[in-house]
Amino acid sequence: MTIPELTRNCFQSGISAAKWANLCKLFISKNSSDQSTEAIENSISNSILVLYRSYPGDPALHEYLKYALKNGMISLAVFVATLLQAARNPELHNAATLDMLCRIALDAHFSSGQPLVAFDESPIVILGVVQDALSLLEIAHTLPVSHFHQLTTSSSELLILLLSYNPDMTQISISQAAVHYQTTNDLLLNFQLLPGLKEVLEHFERQLRKLMGDDAKLAREAQMMHTMQLTIGRGDVVGSSSNTDLVSLSLIFHTFITYRTGDFGAGNLQYCAALLVGLFRWTSWSPIVFYTQTLLCAFVCLSQSSTITTTMWKTFILPQILVAFEKCVNTENPNSESDWKHAMQNALFTILRRTDVLTQAEGNSSPPSQSLVRCFLKELIVHGLLEQRLATTFDQGIINDNTPTLKSEAQEVGITLETYLEAKLSGEGDEPRMWLGRIRREPGSHAAFGDFVKQRFANAANQLDIDAMGHICRLLYHDQLLDALSLHIKISELVAHALQFFELYTCETVGDPQTALSHIGDVVMFLQSTLARFNFQSNIFSVDGKTMSSDFLKSTAEVYSSSSLTGGDLTTFNAWLKALFESEGIEDAVCSRSSFKFTTSSTQPKTLLRIAASLVLHAIGLTIEGKMNMDALRNGVMYFSDPLLDWTLVGVIKALLQEIHQKRFNAPIHLEVLQTLLLSPSCPRLVLTLCGPLVMSLLANRARKGSGSVAPAALNNEDLQRVLTTALGFVMRVFHLTARIRSAITMGSRVPWQEYPRQAIQTALNMARTNKLPSIDVERCLKVISPSQFLQILWSELVVVATVPSEIEHSRRLAVFILTAPRPPITPPLLPIFLHNIVPSLIIHIDSQPEQTMTMSAELLVALVSSVLTAAMHLELAMQSASVTPQPLFGQTSSAMARRLVADLRMLKFSYTSSTLAQRLSSSQSSLANFPVFMELGT
């Protein structure tokens with residue numbers, strides 16, 4: 001019999017604590033003469049703690065512990081050490097039980113004065129206990145919340161006491177200091193700690209940072225220890241950082257919003273869900289940890305918003321994405337549905353205690369009709385992610401919240417929200433815009449509004465209803481609500497419907513062709529605004545099996561001479577030239593002749609859009625030659641500020657700017673026409689917005705070079721700058737704006753464009769290091785340099801960061817995202833290029849380095865290869881579960897990439913780096929489980 005067996009038998013037989021203690025003493029006196037006192041105390045303590053796994057929170061076990069502590073059978077130091085070690089076991093992760101055990105230790109300390117660690121204990125052992133206490137605190141923040149047992153409080157108090165012993169830090173290795181530093185840093189970054197504990201941990205962190213210093217050799221030692229851990233264990237991540245990863249989530253969320261109009265953005269719920277499932281599988285997080293990290297990241301993104309507006313983060317459709325995520329996960333494991341309901345509840349308990357994040361998020365978001373948290377809870381309820389009875393535990397006022405919403409108003413009149421919105425938005429004047437403003441402030445109505453807009457575009461395009469199409473286009477290009485809609489519907493489909501309408505509509509059959517042509521203008525300006533706002537990767541748009549191109553909108557500034565026009569184009573050109581500059585007005589017949597008709601004698605509105613710039617430039621040419629007087633020119637130009645033709649102004653203004661540049665500003669008539677169009681009170685704000693940057697650049701360039709032969713009065717800089725800055729939405733003074741533009745032109749960008757990729761990587765790493773959520777535009781980087789060059793720069797920056805132990809984990813997560821995140825079709829997959837082209841060259845390069853540098857670089861390569869392959873495999877499986885794409889994400893499967901990697905490593909078998917990589921991959925249980933082909937490396 002052993003002490004654990006004796007304790008179990010006594011407990012299960014109902015024997016009292018006193019009798020159990022006597023039996024233990026008797027057993028020890030007869031059987032344990034060769035064991036040390038500390039070993040016996042460890043055995044007694046563990047014999048009780050192990051029973052808590054099967055009998056959590058049992059009062060009889062509490063009595064056993066209290067009696068043993070009170071009567072000296074277990075010293076308090078031994079109990080604390082064994083408790084913290086036992087708490088690492090997932091079977092003991094019960095908040096109530098762990099809280100009571102911590103309270104037993106705290107009560108014993110304050111009542112008896114016993115120390116939590118032995119007075120003669122070595123600093124290394126004390127810091128080992130501290131590390132266990134840090135882990136317990138992290139566990140406390142991820143476990144379900146208990147209203148009666150505050151584990152976060154008791155574990156914090158225990159940690160504060162342990163850190164008060166101030167062990168001699170100089171006696172521990174840099175490797176151990178790096179592990180403590182990483183854990184402490186993650187706690188400070190990811191959790192809202194008690195004020196007293198936060199101060200203590202910050203002081204502890206400073207001591208560790210000072211100890212680690214800048215010694216490169218010692219830093220490499222810490223790095224190698226950490227990267228060795230990365231290739232084994234769950235999700236290839238072990239240690240204190242495994243339950244926190246806001247870096248990966250931030251990068252993913254930024255991608256969702258940045259590419260929301262494409263196949264890899266928020267508009268594609270299945271893709272978003274699959275990407276989150278892949279992350280969930282790779283990290284091996286529990287549902288509670290996953291939802292806690294996901295919700296925390298969403299709120300922190302709102303509180304720290306920089307590259308993306310706070311409005312976009314506020315309307316981010318996280319609840320809808322999580323619904324799709326749960327559906328995907330539950331498909332793989334139907335029994336997990338209750339786990340996710342429970343996880344959401346506990347995640348909210350944790351997040352809503354983060355008042356620091358929530359306060360900043362509330363301050364950054366535009367003032368809503370109700371709090372951000374209440375709006376979010378309501379959305380969770382609507383999407384079935386949270387029950388209303390549970391929502392009241394977070395916000396008791398939510399059940400009695402009678403704040404009127406568009407949905408409640410629609411229900412009062414007995415119609416659907418879509419029908420209600422259609423009725424309110426069908427009017428003219430300012431009323432529809434008032435309703436659009438209200439819709440924008442109510443994220444809960446965006447999905448219904450998106451369905452309404454999508455249906456309105458489809459119906460108008462199919463029925464060639466000019467009034468309906470013009471009305472909805474006019475509403476949308478005047479309002480920023482389109483950004484919010486892009487999270488719910490595919491904006492590319494709206495563009496396709498508008499292009500289809502523009503191709504097919506004709507003015508000939510309508511009673512008022514001029515009005516119809518102005519409505520066509522609304523469609524064109526919607527297209528120009530949308531294409532500029534969302535910067536689509538392709539000019540081809542498809543809907544309902546029909547494909548349309550927007551290429552013609554990019555050539556509106558091209559100027560054609562009359563001699564280069566033929567047939568219907570020449571007829572239309574001459575008709576409009578005469579109507580604008582040689583007659584008393586524009587007749588309906590002209591509009592009709594330039595409308596769409598499948599005959600050789602008529603043209604499309606597209607023709608008018610294409611020749612508009614030519615008309616103005618030709619008229620200016622005639623004026624310069626003396627064949628047209630200035631009054632005729634001015635009268636004709638004013639028609640372009642009228643709704644009849646203002647939709648052609650973008651091309652006209654760009655053409656004028658090109659001519660002015662070519663003539664080196666020696667173009668007074670061009671400048672006058674440009675100024676007349678821009679300063680016209682009826683010039684559409686959209687035109688000023690689209691052309692404003694080019695005009696401001698022209699003004700700054702003119703100021704730098706001097707006015708030349710152009711009289712100063714020919715151009716009113718002050719009025720132009722005022723109009724343009726107002727349209728562009730700048731709040732800075734015109735002087736400062738002009739100075740900034742002039743500085744940019746004379747001095748250029750502070751960073752050469754060739755250096756942008758390196759700067760982007762460094763910026764992302766710096767943001768992660770300074771506790772800010774990073775983002776990176778990989779597609780923009782790949783427009784500057786080739787994929788291979790970009791990956792080589794990425795590796796060089798990772799090597800630099802690898803010398804700082806606290807930054808290794810952030811850099812690895814950034815690299816995994818860059819290599820494994822799916823890319824748009826125009827961008828090649830980076831993972832195969834890295835594994836098959838970059839890795840072999842890196843192996844040769846690393847082998848040529850000094851021994852210490854070679855060891856560090858080899859371990860870094862091991863960690864990165866293992867991580868990216870595992871992440872790619874989980875993403876592939878997630879995509880299959882979500883039925884997102886039938887073809888390989890990376891051009892080839894992860895198993896095929898692993899197979900080729902094995903062949904490459906065998907060819908380099910005499911290389912130190914190659915042998916190290918092969919040995920690590922073939923000895924890692926997780927790598928072998930995911931990629932059995934790695935077994936061949938061990939033979």
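How many nonpolar, polar and charged residues does the lining of the second largest pocket have, by class? The structure examined here is a predicted model, in which local features need pLDDT of at least 70 and side-chain atom pairs count only at pLDDT 80 or more, while totals for chains, interfaces and linings use all residues. Residues are numbered from 1 along each chain as its sequence is written, and side-chain values use heavy atoms, with hydrogens and water left out.

The second largest pocket has a volume of about 1,200 Å³. On a 1 Å grid over the protein atoms alone, a pocket is an open set of points with protein on both sides within 12 Å along at least five of seven lines, whereas a cavity is a set of points where a 1.4 Å probe fits but cannot get out; lining residues have an atom within 4 Å of a point. Grid points are joined across faces, edges and corners, and a volume is the space filled by probe spheres set on the points. The pocket is lined by 45 residues, of which Cys 375, Lys 378, Glu 379, Val 382 and Gly 444 lie nearest its centre. By class, this lining has 21 nonpolar, 15 polar and nine charged residues (Ala, Val, Leu, Ile, Met, Phe, Trp, Tyr, Cys and Pro count as nonpolar, Asp, Glu, Lys and Arg as charged, and the others, Gly among them, as polar). Its largest share, seven residues, comes from α19 (helices, H or I with at least four residues, and strands, E with at least two, are DSSP runs numbered from the N terminus).

Across the whole structure, the search finds nine cavities of 30 Å³ or more, and about 180 Å³ of space lies in the largest cavity. The lining of the largest cavity divides into nine nonpolar, three polar and no charged residues; Trp 282 and Phe 817 are among them. Helix α13 (269–283) gives the most to this lining, with four residues, and α41 (808–820) is one of the helices that each supply at least two. In α41, 13 of the 13 residues are buried, so the helix is largely enclosed by the rest of the structure (buried means under 20% relative accessible area, exposed over 50%, partly exposed in between, with a 1.4 Å probe and protein chains only).

Strands β1 (residues 540–543) and β2 (residues 546–549) pair in the antiparallel sense over four bridges (two strands pair if DSSP finds at least two bridges between them). Val 543 stands opposite Lys 546 in β2.
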